[in-house]
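Please read it with the sequence and the structure side by side.

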Amino acid sequence: MALQADVAESDGLPVAHAQTGQSSVQPGGAEQLLKVEHVSLSFGGVKAVTDISFDILKGEVRAIIGPNGAGKTSMLNVINGFYHPQEGVISFKGKPRRRMKPHQAAASGIARTFQNVALFKGMSTLDNIMSGRSLKMHRGFFWQVLHVGPARAEEIQHRRRVEEIIDFLEIAHIRKQPVGKLPYGLQKRVELGRAMAMEPELLLLDEPMAGMNLEEKEDMSRFIIDLNTEFGTTIALIEHDMGVVMDLADRVVVLDYGKKIADGTPGEVQASQAVIDAYLGVAH
Amino acid sequence: MLYREAGQFKTSYAADQALMPITQDRVGLLVILVVTFVVIPVFATDFFIGSIMIPFLVFALAAIGLNILTGYAGQLSLGTGAFMGVGAYSCYKLATIFPDINIIVLILVSGVFSALVGVLFGLPSLRIKGLYLAITTLAAQFFLEWCFIRIAWLYNYNDSGAIEVPQRKLFDIAITGASATPTVRYLIIAGLVAVLTLVAANVLRGRIGRSWMMIRDMDIAAELMGIRPLYAKLSAFAFSSYYCGVAGALMVFMWLGSAEVEAFDINHSFLVLFMVIIGGMGSLVGCFMGAAFIWVLPIIIRAVPQMLGLDILAATTEHIANIIIGVLIIFFLIVEPHGLARLWQIGKEKLRTWPFPYAST
């Protein structure tokens with residue numbers, strides 16, 4: 001687990017580089033963190049995703065966009081192991097895999113937020129973010145029973161890290177409140193914090209701005225940019241707010257009806273006729 | 001007024017994460033412990049200890065067991081009575097096979113058997129949730145009851161089919177059997193319940209307890225944070241059944257003295273479930289409140305006419321007690337569906353902000 005933190009730190013510089021330089025595919029530059037090759041997923045006769053290939057480079061912000069029902073969330077679910085595609089290979093950190101359970105994906109360094117907030121409603125903000133540290137806590141049952149010595153030290157050590165995240169997201173005032181009672185915008189923020197606590201290498205954000213007002217969107221954008229530049233986290237996000245996508249993303253992949261119709265920098269994607277047709281419709 | 005944390009500043013995370021961060025709570029706990037271990041044994045009558053306090057503590061322990069499973073890990077169970085039975089019967093067998101080992105050790109070990117059986121019947125929880133899971137735990141209830149009747153080995157081929165508690169001593173003081181005084185039995189139960197409650201509180205606030213609550217609140221997200229549902233759910237079943245098993249063993253060895261299969265029937269499962277619901281899901285204090293409400297209150301209500309010198313038939317007092325309890329259950333569930341513990345919590349919050357209606361954060 002300490003390994004992950006090291007990787008994130010040592011990659012701090014090149015990451016910041018990738019952010020400032022808008023051009024996406026640096027030949028021989030940033031390495032591929034995740035590679036999706038010819039993935040197809042269907043539920044019975046319904047094809048959710050058809051023959052999709054794309055990659056996510058280390059340190060970039062990658063956006064996945066598309067009209068409703070295009071298969072964006074299915075794609076995320078494939079990446080973190082909720083769905084198992086019928087065809088195709090997904091390689092994370094160069095290791096290809098066919099079937100993977102969600103907890104294995106979590107252990108390998110993929111974290112995720114959900115479209116409809118999926119917080120642990122009965123727990124406080126603090127406990128929610130602490131729960132993101134679950135994989136990094138190892139003290140066994142015996143120490144848990146006593147709750148002294150190593151177990152307590154471990155708890156406090158992770159609490160310190162969690163408090164840093166709480167500071168970063170500016171949610172110190174709701175630390176002890178049950179998250180079920182928080183306003184929506186704050187819940188989204190806590191969910192981001194919970195994913196951050198996992199110190200992931202790849203963070204999947206499913207519509208982080210959905211249902212937010214302008215100010216909340218600006219805050220959230222700021223957090224995402226800081227997360228990317230300061231902590232060097234690679235981010236893949238699904239978002240419907242095109243302004244946000246075009247400003248944040250280094251590269252964008254566009255899906256429509258489960259197929260990939262465009263892939264490139266925001267400028268390239270905006271200019272693509274297929275994308276314009278998908279969003280605006282074609283005159284018949 | 002008295003209950004507020006003004007001036008109590010936390011300067012370390014350790015202090016902030018303490019089980020009871022507020023001084024008044026610690027004082028309150030101290031008072032409760034003194035009453036439990038000094039005042040009651042010294043001043044209370046044998047009736048009060050034997051018929052009120054001992055059953056209250058036994059049921060509180062069983063309620064903690066069920067609450068861990070249902071309130072903290074979110075897995076509904078109707079097999080509590082049977083799991084208590086597993087504890088009782090295995091303790092009986094252990095006492096037969098190892099007559100020289102201290103009975104308190106055997107009681108604690110018998111919970112392990114209950115935990116194993118709990119894991120077995122917890123397996124369906126990996127596939128089904130909620131009420132459907134409750135139905136499968138009914139299978140545990142009926143199957144185990146059947147075992148307690150049909151497998152004669154469990155009760156040493158007794159003609160009566162009952163398990164009789166043998167006489168056992170600790171430092172030449174009888175602690176089980178007919179000659180053990182209620183006070184001695186009470187002190188042992190109170191000690192065990194106090195320790196086991198502390199253990200539960202520790203486990204629940206740590207990594208393991210958090211994993212159970214994660215599964216309870218949002219199992220998909222929990223899986224994504226690296227929690228394996230298999231481990232989380234089955235460990236909750238094991239831990240919970242351990243408590244139920246120890247409660248069952250205590251019930252027979254320290255309270256009833258002998259028991260037949262009826263002591264572990266479905267009614268007891270429901271009784272403990274009601275204690276958890278009334279007391280408050282996901283609260284340890286609630287277990288004690290629920291047990292007091294369901295078990296102690298009827299006894300007090302039944303005793304009132306006698307104390308007042310009213311000449312009412314015993315059957316009539318029984319009916320009146322049932323009516324009052326029923327009405328109170330409805331009343332409390334309407335006032336606060338989350339149980340007495342939440343009511344207590346709200347009361348404390350009010351005291352903290354008094355005289356203002358709410359605190360500004």
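1. A place to begin is the strand pairing in chain A, where Glu37(A) stands opposite Val89(A), a residue of E4(A). Please keep in mind while reading that this is a predicted model. The two strands behind this pair are E1, residues 32–43 of chain A, and E4, residues 87–92 of chain A, which run antiparallel to one another and are joined over 5 bridges.

2. E4(A) also pairs with strand E5 (residues 95–97) of chain A, again in the antiparallel sense, and here the pairing extends over 3 bridges. Within this pairing, Phe92(A) has Lys95(A) in E5(A) as its bridge partner. The hairpin formed by E4(A) and E5(A) leaves 2 residues between the strands, and Lys93(A) adopts a positive phi near 55° in this hairpin.

3. Which parts of the sequence make up the domains of chain A? The domain assignment gives domain 1 as 1–109 + 201–284 and domain 2 as 120–199. Where these domains of chain A touch, 14 residues come from domain 1 and 11 residues from domain 2. On the domain 1 side, helix H1 (2–10), helix H4 (102–108) and helix H9 (214–230) of chain A each contribute at least two residues, and H9(A) gives the most, with 4 residues. Sorted by class, this side of domain 1 of chain A holds 11 nonpolar, 2 polar and 1 charged residues.

4. The contact between the chains takes 34 residues from chain A and 26 residues from chain B. On the chain A side, H4, helix H5 (125–131), helix H6 (141–146) and helix H7 (150–169) each supply at least two residues, and the largest share, 6 residues, comes from H7(A). The class count for the side of chain A that touches chain B is 17 nonpolar, 9 polar and 8 charged residues. For the complex, the predictor reports an ipTM of 0.83 and a pTM of 0.86.

5. Turning to chain B as a whole, there are 14 helices and 4 strands, and the C-alpha trace spans about 70 × 60 × 45 Å along its principal axes. How does the radius of gyration of chain B stand against that of a compact globule? For 361 residues a compact globule would come out near 21 Å, and because chain B has 21 Å, the two agree. Of the residues of chain B, 41% count as buried, and among contacts between residues at least 6 apart in sequence, 74% join residues at least 24 apart.

6. As for confidence in chain B, the average pLDDT is 86, and 98% of the residues score at least 70.

7. Is Ala222(B) buried or exposed? Ala222(B) counts as buried because 27 other C-beta atoms lie within 10 Å, where the cut-off for burial is 20 or more. Leaving aside neighbours within four places in sequence, Ala222(B) is in contact with Met214(B), Ile215(B) and Ile227(B). Trp212(B) is 10 residues away along the chain from Ala222(B), and the C-alpha atoms of these two residues are separated by 9.2 Å.

Terms used:
Residues are numbered from 1 along each chain as its sequence is written. Chains are lettered from A and ligands numbered from 1 in the order in which they are written. This is a predicted model: local features need pLDDT of at least 70, side-chain atom pairs count only at pLDDT 80 or more; totals for chains, interfaces and linings use all residues. A residue is buried if 20 or more other C-beta atoms lie within 10 Å of its own, exposed if 12 or fewer, and partly exposed in between; C-beta atoms are placed from the backbone. Two residues are in contact if their C-beta atoms, placed from the backbone, lie within 7 Å. Domain bounds come from an automatic or database domain assignment. Ala, Val, Leu, Ile, Met, Phe, Trp, Tyr, Cys and Pro count as nonpolar, Asp, Glu, Lys and Arg as charged, and the others, Gly among them, as polar. The radius of gyration is taken over C-alpha atoms; the globule rule is 2.2 Å times the number of residues to the power 0.38. pLDDT is the predictor's confidence in each residue, from 0 to 100. Two strands pair if DSSP finds at least two bridges between them.
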